[in-house]
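Here are some questions and answers on a protein structure. Look through the sequence and the structure before reading on.

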Amino acid sequence: MNLDLLIAIFITVVGASTPILIAATGELVVEKSGVLNLGVEGMMLVGAITAFLVVFLTGQHYLAIVLAAGAGIATSMIFGFLTLSLSANQTATGLALTIFGTGFSALAGQGYSARPVTLLGPLFPAELATHPVLRILFGYSALVYFALIMVVAVWWFLKKTRAGLILRAVGENDLSAHSIGYSVIGVRYAAVAFGGAMAGIAGACFPLLLTPQWAERMTAGRGWIAVALVVFASWRPFRLLAGAYLFGLVMTMELYAKAGGGPLSAIPSELWAALPYLATVVVLVLISIRRDASTNAPACLGRPFLPSN
Amino acid sequence: MTITRRNILKIGGAAAALPLLGSRAFAQSEPLKVGFMLIGTVNDNGWNFGHATGAKFMKDALGDAVAEPTIVENVPEGPDCERVLRELAQSGHKLIFATSFGYGDYVIKVAQQFPDVKFEHATGYQRSDNVATYNARFHEGRAVCGTLAGHLSKTGKAGYIGSFPIPEVVMGINAFVLAARKVNPEFTITPVYISTWNDPAKEADAARAMIDQGIDVIAQHTDGPAALQVAEERGIVGGFGQGADMSAFAPKAQLTSIIDNWGPHYVEAAEAVIAGTWTSGDRWPGLKEGEVVIGPYNESIPADVVAAAEAVKNGQIDGSFNIFTGPINDHTGAEKVPAGVTLTDAELLSMDWYVEGVNPPA
Amino acid sequence: MQFRLEKRPEPSKLMLYVTPVASVLLTMLVGAIIFSLIGYDGVGAVREIFLTPLTNSFKWQDLGVKAAPLIIIGVGLSIAYRANVWNIGAEGQYVMGGLAATGVALATYGMTGWWILPLMMIAGIAGGAAYAAVPALLKTRLGVNEILTSLMLTYASVQLIYYLVRAPWKDPMGMGFPQTRRFAADALLPNIIPGTIVHLGVPIAIVVALIAWFVMSRSVFGYQMKVVGAAPHAARYGGFSENKTIWLALLVSGALAGLAGMLEVAGPFQRMVPGFPTNYGFTAIIVAFLGRLNPLGVILAGIVMAITFVGGEVAQTTIGLSSSATGVFQSMMLFFLLAGDILVRYRLKRVIPAQEARA
């Protein structure tokens, strides 16, 4: 295997990982606040169609990213209102949000799938972006760097800031946080909105980064992989980063193996496809055995906040 | 029909069904209602788009003789499609096209309950008195594409993105590489099956994976333009539109396209039903009948290469050339079809082996 | 004017029954308005989706067949959710039940006998229960969140179908298409009303729901599940084991999902195909909530959900409403239902502004 091919594989892996990483970074913050939003796939689709339409109508890629984030927030607020203000069941609401996002994006995108758009170009100048070796660092669009920056930012926020501490406290023990005087609902609204924005941007990656078109259900289950990834990473941002690239590698190595032949190509594609989910179950088991899940899994995950006033 | 109706009324226990079943369906003056059942959305730029375009062509050609065609999208291959088929039959559709392989069992089943409704099942093989099957000889188009690839490819390697290794896909791969090897005997093709009909991001990644490993021509048997867009982005020799002209997505990379042209068949079938001359059978037309159409050639292709491709196309139209005429070796090099022998339709429809030049998937 | 939510001392029985009905009606109303505003035939859409399946007696058999698996799975989930055990992997358990039954059908291919179908049923139930046992084991032994494990296992199970029908179980006469052979006659579910598609699974669904209702409302088991769900601490003092409840909740819901999988594959599908996972397991979660986690309510909810599916197709054929609209209607209905949920436990109280200023 030569260097060129390794670089090429790396670049494809980064592309495939980026939407998962962005969506999972958002979901990590949501879950750290004690909320489980299973509507990631739906919010991603809303983001994808929004980004597509904006690029198609205006040609403005960065505007598309911003508006996709906005659309993601708007969609997440349906979830937020139901689960936080009305303390509805989070699991059911999240699933309903995915049904909604799938249907809504398909309705909004009717008649637009025969329309090509253009990808978001590399961030750095062409000399760097297309350099045979340096492109491994500089060959990507802004979305890829955004994903990396957000991982660091979320780590810093959760670990080093007071607001992050409050968010974790709300996710660990909502009743105590409430009794100290923090607004549990307010914090969770902010977290859900952040998760929505990130899911929207993750959706935008599909027409802007991976395949410049709109196709119904084009996220094809990657929202669920993002949900798995958060758990796989046991709610730690840097593990999330490593996990996202690992999942991306699993998803693309299948294709490289099949295209290039060799021993790996004998593995059934179904096993490749199931690997991220099975690995997540294994990780859940491992962290439980080592008991660091108890210190890191948000204790209030999925439970509605019901102060007894 | 009578028995069925009586029984349904018995359980229904209501007269509500009566007006819906009434005799109006057979009134001569009423336009023929034609239904189409699709596996995906009409906006997929590929397979389903082709059928929807055909439906529109039929309406335009026959005018008031047919009603506005009814198109039901996103119908899964399973019990849901049985319900949709009955819904279409009960609501007065007298000609119903079921356009995905997995509908087969249910078409046969529902057709028994509605003997006065004609059903046509695309890509299937099960028939009955009122169920016909139809398909198009896409592999004839693949032979034209393969000829272009043989001439234009610099690396002599092509990639082929497929969904599942069904005979129709295998046939296309074989036709492509047989044609390419007539030009360049060293030509090889690598199929990659992605186990889905519609995951554009995975298709695009499969295209990237193949291009990174040295292929410079790409073909696909899935429903969208994703692979072609990657070919455009990477600036390789090119690829081919599948199902429809996709030059809007890849103006440089689309060398030509294989266009599904179901319209004439739909017109013919509707006319036959109106005239009362419709009969069951299997129809498998191709380039000659105009059901498979080769789109415009990219203007970057040299004239002599276009001429070579046209020769293959015209040879298939006038019957002087058949891509599946021996000698043909299988991928191990062993002779599979002796010289001068041509594979029969039945052999093609159950094709599960690869010809020489295919790097077979594990 | 300001409102405040005040917790009711007892969940409101009235609201429990009123809110599901209200959310369906509200969906029809709001749906008609929204779809009209965005340029569709909104009234027609509501009529075709919600009413035509009921008024056209031809559609009743479809409703029964579509509702049956939703009811069976929904009943199991409502039992689990009552016990506060969040099995959201019913789709995977449904798949494993279907695969286990398929395994029996293929292994007995060429044999005849009345025993094949019951054996498939046992296999289906066992397959579903076994797949649900994984989250149960992990939850009780290691405290692993069952929401996450059951969801992950669902996606893995779908890939198992793809693999089996593509390779070892592929129909030898199927022209290479990824599907198993059609089951032999003795492995197919009998139709109970000749000339229709109503199969044995439909009455089974009703019976399952009635038994579940009886057990949940009349037996110690049902009491235990509800107590553990409502007040785990109290339950522990009462001598009810939380772990045992988790096991029971997951095994029962998994077994019922597996049964539904068997009934679907031996009934409407008649063979295993890649399209077998039709989201019944996820839709049944909605059905369980719509039915207020009460087995009798689940029957009604299953029918309502079936109406929207069947009606969605009617709307496609009659007024050309796209299939995505059905999804929007369903999610809207669920949103309203979930929103209405709060009225069961809380009442709206007007807040006097002066009081608010003080607070």
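The radius of gyration is taken over C-alpha atoms, and the globule rule is 2.2 Å times the number of residues to the power 0.38. This is a predicted model, in which local features need pLDDT of at least 70, side-chain atom pairs count only at pLDDT 80 or more, and totals for chains, interfaces and linings use all residues. Residues are numbered from 1 along each chain as its sequence is written, and chains are lettered from A and ligands numbered from 1 in the order in which they are written.

Q: What radius of gyration does chain A have?
A: Chain A has 309 residues, and a compact globule with that number would have a radius near 19 Å. The value for chain A agrees with this: 20 Å.

Q: How many helices does chain A have?
A: Helices (H or I, at least four residues) and strands (E, at least two) are DSSP runs, numbered from the N terminus. Chain A has 0 strands, and its helices number 14.

Q: What share of the residues of chain A count as buried?
A: A residue is buried if 20 or more other C-beta atoms, placed from the backbone, lie within 10 Å of its own. Of the 309 residues of chain A, the buried share is 60%.

Q: Which helix gives the most to the side of chain A that touches chain C?
A: Contact means C-beta atoms, placed from the backbone, within 7 Å; 37 residues of chain A are in contact with 34 of chain C. Helices H3, H4, H11 and H13 of chain A each supply at least two residues of that side. The helix that gives the most, with 12 residues, is H4(A).

Methods: Contact = placed C-beta atoms within 7 Å. Buried ≥ 20, exposed ≤ 12 C-beta atoms within 10 Å, placed from the backbone.
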